[in-house]
Amino acid sequence: MLNEFSVAFGQFWSECWALVEALTLWELALIMWPFVFLSIPRYILSELIVLGQVFRTEPAEKVRFRQQLAMQKPLVSILLPGYNEAETLETTVLSLREQSYPNLEIIVVSDGSTDGMDEIGRRLARRGWIRYFEHRQRGGKSSAENFAANAARGDYMVICDADSTFDRDSVWHLLVEFYDPEVQAVAGNLRVRNATTNLLTRCQAIQYLFSIGVGRRASAAAGTLSIVSGAFGALRSSVVRQVGGWEAGPGEDGDLTTKICLAGGKVGFAPRAMCMTDAPDIWWGYFRQQLRWNRSVVRFRIRKYRGIFNPFSRTFSTRNLLAALDEVVFEVIFAISLPIYVTWMLLNHAEMFWQVTALVSVLYVLVNVFHYFIALAVSERPNLDWPMAPYLPLYGFFTGLYLRTVRLLAYADEYIFKRSYWETYVPEYVQAQSRKFDSW
C-alpha cells in the first residue's frame, strides 16, 4: 500500500514538472494569476520598504524629540477598559507599573463585569496603583474607552487590553514616534504570548509576525497605516476628543483611527513598543474572532467611510485612498478571487487543476520562507519567532485557504445581512443605537 502511494505521489509530481516544462513563464503566470498578480507584488513591495527602513538613519528631529520627552515627561494616561478580566487585570497593571516611563496614570474601567473584576479593581485603587471606575450596566468596550478618555488628564492616551503584558520601555517607544507633528496615533507591536500552546496559536504567531511586525512597519513607512489596535497603541488626547472618541463596535479601534486619518492625521508604528497578548487557542473562538474583525472591513471601509474613494469629497486625500485600497484590494478582493479562480480553473483548465494547485502551494511555501527570513531579520523577538519556522509549510494553507474562506464568509455576511449590528460583543441596547444612527 505504501509503495503504491509512493509511486502515485512520484507520478503526480512528474506531471507537475512536465506542466512547468510545457508552458512558457507567461503562460504559467496567467494560469496562476492570483498568486502572480496579487500575492507577489504585495510581498515584494512590503519587503523592499522594510529593508529600506533597516538602512535608514534615525531622523534628527526624532533624536531631539526623545531628548525633549526625557526632560519634560508629559503625563500619559493609560486606558484599561475590561469586561470580566479578573484573572488577568492585576498582572497587566503590574506590567504597566513596571514601565520605565515615569509619569503615568492608569485608568481602569470595569464594564459591567460579573467575575470579581470590580473587587480587584477597588483593591488596586486602594493601593494607589490605579484610578478605578466601574459601570454597573455593561455598555461595550467603546463606552468604557470613552469614559476612561473623559477622565484622562494626560497629553497622550495609551489604549491597551486588560489581558496583555508589556516590555518595560514600551511607552517610551510609543511616545517617541510623535516626533512627527502630523502623527496623531501610534500603533504598538504585538506578539502572541501563548504561541506554543497548539498549532492554531503557532499559526497566529506567524500571522502577527508577518502582518504586524512587517506589514504595519511597511505601511507606516509608506504613510498608509490606518489602524491602531485596541490591544496596544497611543493617541494624542486632543485628537481623540476632536473626533468624538470611540463609536460602538466591533471594529471600534479601526473606526477611531479612520476618523483620525480623515481629520488629516497620520498613523505611526513603534516596532520596539512590544505587547504580549494571548491569541485564541480554540478553532471555534478564532473563527468567531475573525468573523467579527473582518465584518468591520465592510462596515467601515465599504459602507460607513466609502467617501474615502470619492475624489470630490472634502475629506479626500491620496494617502487615505491608498490606505483604503490596500485593505480592499489585498483583503476583500483577494478573498473574493479564491472562488472565482477555482471556478475559472475548473471551467477552463480542469485537466491540470490539481497540478497547478500543487505548484501554487509549493510557491507559497517558498515565498513564505523568504518572507519569514526578512521578518526574522527585523524582528524584535527573534528568540520567539525562529521556533515557528517548521510550521511555515502549513501557514500557506492557514492563510491561503482557511483565512480567506473565513474572510469571504464575513464579507458576504456583513454585506448582505449587516451582521455586525447584531453582534453580541456589544450589548443589544447599544447596538440598537448604532443601527439607528449609522448609515444603512
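In this predicted model, glutamate 247 is partly exposed, with a relative accessibility of 27%, and lysine 304 is likewise partly exposed at 23%. The side chains of glutamate 247 and lysine 304 meet in a salt bridge with an N to O distance of 2.4 Å. This pair links distant parts of the chain, since glutamate 247 lies in the loop between helix 10 and helix 11 whereas lysine 304 belongs to helix 12, 57 residues apart.

The structure holds 24 salt bridges. Among them, glutamate 380 pairs with arginine 191 at 3.8 Å, N to O, and here the loop between helix 14 and helix 15 is linked to strand 6 across 189 residues. Arginine 191 counts as buried because its relative accessibility is 3%, under the 20% cut-off. Salt bridges with shared partners join Arg191, Arg217, Glu380 and Asp385 into one network.

The largest nonpolar core comprises 85 residues, and those with the most contacts inside this core are Leu79, Leu80, Leu89, Val108 and Phe232; helix 9 (residues 199-222) gives the most to this core, with ten residues. A second, separate core of 20 residues includes Leu23, Met32, Leu38 and Phe334.

The second largest pocket has a volume of about 750 Å³ and is lined by 26 residues, of which Gln53, Arg56, Lys62, Glu177 and Phe269 lie nearest its centre. Strand 8 gives the most to the lining of this pocket, with seven residues, while helix 3, helix 4, helix 8 and helix 9 are among the elements that give two or more. In composition, the lining divides into twelve nonpolar, five polar and nine charged residues.

Definitions and conventions. Residues numbered from 1 in each chain as written. Predicted model: local features only at pLDDT ≥ 70, side-chain atom pairs only at ≥ 80, totals over all residues. Heavy atoms only, no water. Core = buried A, V, L, I, M, F, W, Y, C linked by side-chain atoms within 4.5 Å. Buried < 20%, exposed > 50% of the residue type's maximum accessible area, 1.4 Å probe, protein only. Helix = DSSP H or I, 4+ residues; strand = E, 2+ residues; numbered from the N terminus. 1 Å grid on protein atoms, 1.4 Å probe; cavity = no way out; pocket = protein on both sides within 12 Å on 5 of 7 lines; lining within 4 Å. Points joined across faces, edges and corners; volume = space filled by probe spheres on them. Nonpolar A, V, L, I, M, F, W, Y, C, P; charged D, E, K, R; others polar. Salt bridge = Lys/Arg side-chain N within 4 Å of Asp/Glu carboxyl O.
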